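Let's take a friendly walk through this model together. Have the sequence and the 3D view open as you read.

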Amino acid sequence: MQGYLASVWAMSAVLGPALGGIFSEYLSWRWIFFVNIPLCILAAWMLIRRFHEGEMSRRRPKIDYLGAGLLTIGAAAVLLGLLEGGQAWSWTSGASVAIFTVGIASLALFAWQQSRAPEPILPLWVFTRRVLVVSSLISLLVGALVLGLTSYIPTFVQGVLGTGAIVAGFSLATLTIGWPIAASQSGRFYLRFGFRATALTGGTIAVIGSILGSLITENSQIWQIATVCFVIGLGLGLIASPTLIAAQSSVEWSERGVATSTNMFARSIGSAVGVAIFGAIVNSRISGPGEPDPGQLSDAIHLVFLGVAAAAVLMLAAATLMPKAPKGTGA
């Protein structure tokens with residue numbers, strides 16, 4: 001089931017830019033926002049009509065508003081510093097130092113708040129369990145990989161290869177094909193060979209695809225880029241779901257909500273940090289007013305592809321720390 005859910009997330013992450021390309025070319029960029037209205041109405045209708053909760057105990061939760069605020073301020077400040085550093089201000093400027101100081105201090109206060117809150121947003125015991133830490137690290141890197149690809153593959157295809165917005169959007173479509181194929185079969189794979197072997201296999205495939213991606217140049221063809229996306233999609237589909245299930249299986253039933261949300265939060269943070277870092281890399285290599293020339297843009301995005309490859313290698317290294325089968329799985 002987690003494999004199918006991961007497939008939905010992967011398809012959404014890739015079909016979104018493709019749909020955005022259609023809007024940009026034939027309608028208006030404003031439709032990027034308008035399309036959310038019918039989708040949200042449909043989602044709300046399905047929840048009201050089809051979602052039925054089982055019997056469960058009800059109690060008034062103690063929401064950690066202070067922790068949520070500190071986390072928001074800290075994460076936003078660090079991301080802003082990474083994205084604007086070297087562009088809006090120099091890395092050693094007072095503004096840069098102040099922003100990073102605020103971000104780090106807020107995150108430190110957040111950690112302190114989590115140690116004393118009755119119902120913390122992110123319990124600190126999560127960081128004392130190897131399976132949860134490793135699975136969250138892998139999820140963080142998965143988020144960085146996916147957003148790095150979805151942000152800069154279409155940019156490269158359109159800005160360097162000179163295609164239209166639709167072709168640029170659909171250049172990621174093979175990632176949507178590779179991910180669901182691997183994710184839907186990952187359950188059978190890890191039940192037979194274990195979590196660690198499955199994660200290592202997926203990580204290895206992602207590294208191979210990312211290395212191929214680092215070889216992309218302004219002379220590459222669309223089918224080559226599509227092949228790279230397909231291979232990376234296979235790897236991510238084979239590593240994302242099993243590591244999440246490993247985290248869920250390593251804790252008690254009452255703790256599975258925390259384990260799942262921590263994993264998803266790590267992926268969201270990885271997506272945001274990845275885009276910020278990759279954006280800073282691209283911005284540092286593009287100078288001058290107006291649109292960058294294809295050669296300059298190609299050199300800048302090539303560094304992103306190298307960064308994606310480095311993230312894939314780190315993800316594979318993290319997979320080596322996964323256990324073969326956490327307690328209770330029977331694998």
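## Basis of the model

This is a predicted model, in which local features need pLDDT of at least 70 and side-chain atom pairs count only at pLDDT 80 or more, while totals for chains, interfaces and linings use all residues. Residues are numbered from 1 along each chain as its sequence is written, and side-chain values use heavy atoms, with hydrogens and water left out.

## Aromatic pairs

The structure holds four aromatic pairs. Rings of Phe, Tyr and Trp (its six-membered ring) pair if their centres lie within 6.5 Å; planes under 30 degrees apart count as stacked, over 60 as edge-to-face and the rest as tilted. One of the pairs joins Phe23 and Trp31: the ring centres are 6.3 Å apart and the planes stand at 40°, so this pair is tilted. Trp31 also pairs with Phe34, with centres 5.6 Å apart and planes at 90°, so here the arrangement is edge-to-face. Together, ring pairs link Phe23, Trp31 and Phe34 into a cluster.

Trp31 and Phe34 both sit in helix α2 (residues 31-34), three residues apart, about one turn of the helix. Helices here are DSSP runs (H or I, at least four residues), numbered from the N terminus. For burial, under 20% relative accessible area is buried, over 50% is exposed and in between is partly exposed (1.4 Å probe, protein chains only). Phe23 is buried at 9%, whereas Trp31 is partly exposed at 39% and Phe34 is partly exposed at 43%.

## Helices α4 and α11

How do the axes of α4 and α11 cross? The axes of α4 (residues 65-84) and α11 (residues 256-285) come within 8 Å and cross at roughly 25°. The axes are lines fitted to C-alpha atoms over the stretch in contact, with angles running from 0 to 180 degrees between N-to-C directions. That makes α4 roughly parallel to α11 (angles under 35 degrees).

On the α4 side, the contact (heavy atoms within 4.5 Å) is made by Leu71, Leu79, Leu82 and Leu83. The residues from α11 include Phe265, Val273, Ile277 and Asn283. The contact residues divide into 10 nonpolar, two polar and no charged. In this scheme Ala, Val, Leu, Ile, Met, Phe, Trp, Tyr, Cys and Pro are nonpolar, Asp, Glu, Lys and Arg are charged, and the others, Gly among them, are polar.

## Nonpolar cores

A nonpolar core is a set of buried Ala, Val, Leu, Ile, Met, Phe, Trp, Tyr and Cys residues joined through side-chain atoms within 4.5 Å. The largest has 47 residues, and Ile138, Val142, Ile153, Leu236 and Met315 have the most contacts inside it. Helices giving two or more residues include α6 (130-159), α10 (222-249) and α12 (294-319); the largest share, 12 residues, comes from α6.

Beyond its neighbours within four places in sequence, Met315 is in contact with residues including Ile138, Val142, Gly203 and Leu236.

Ser210 lies in helix α9 and is buried, with a relative accessible area of 1%. Leaving out residues up to four places away in sequence, Ser210 touches Leu145, Ile232, Phe305, Val308, Ala309 and Ala312.

Gly20, in helix α1 (residues 2-26), is buried at 15%. Gly20 and Ile166 are 146 residues apart in sequence and 8.2 Å apart in space, C-alpha to C-alpha.

Note on methods:
Angles under 35 degrees count as roughly parallel, over 145 as roughly antiparallel, 65 to 115 as roughly perpendicular and the rest as oblique.
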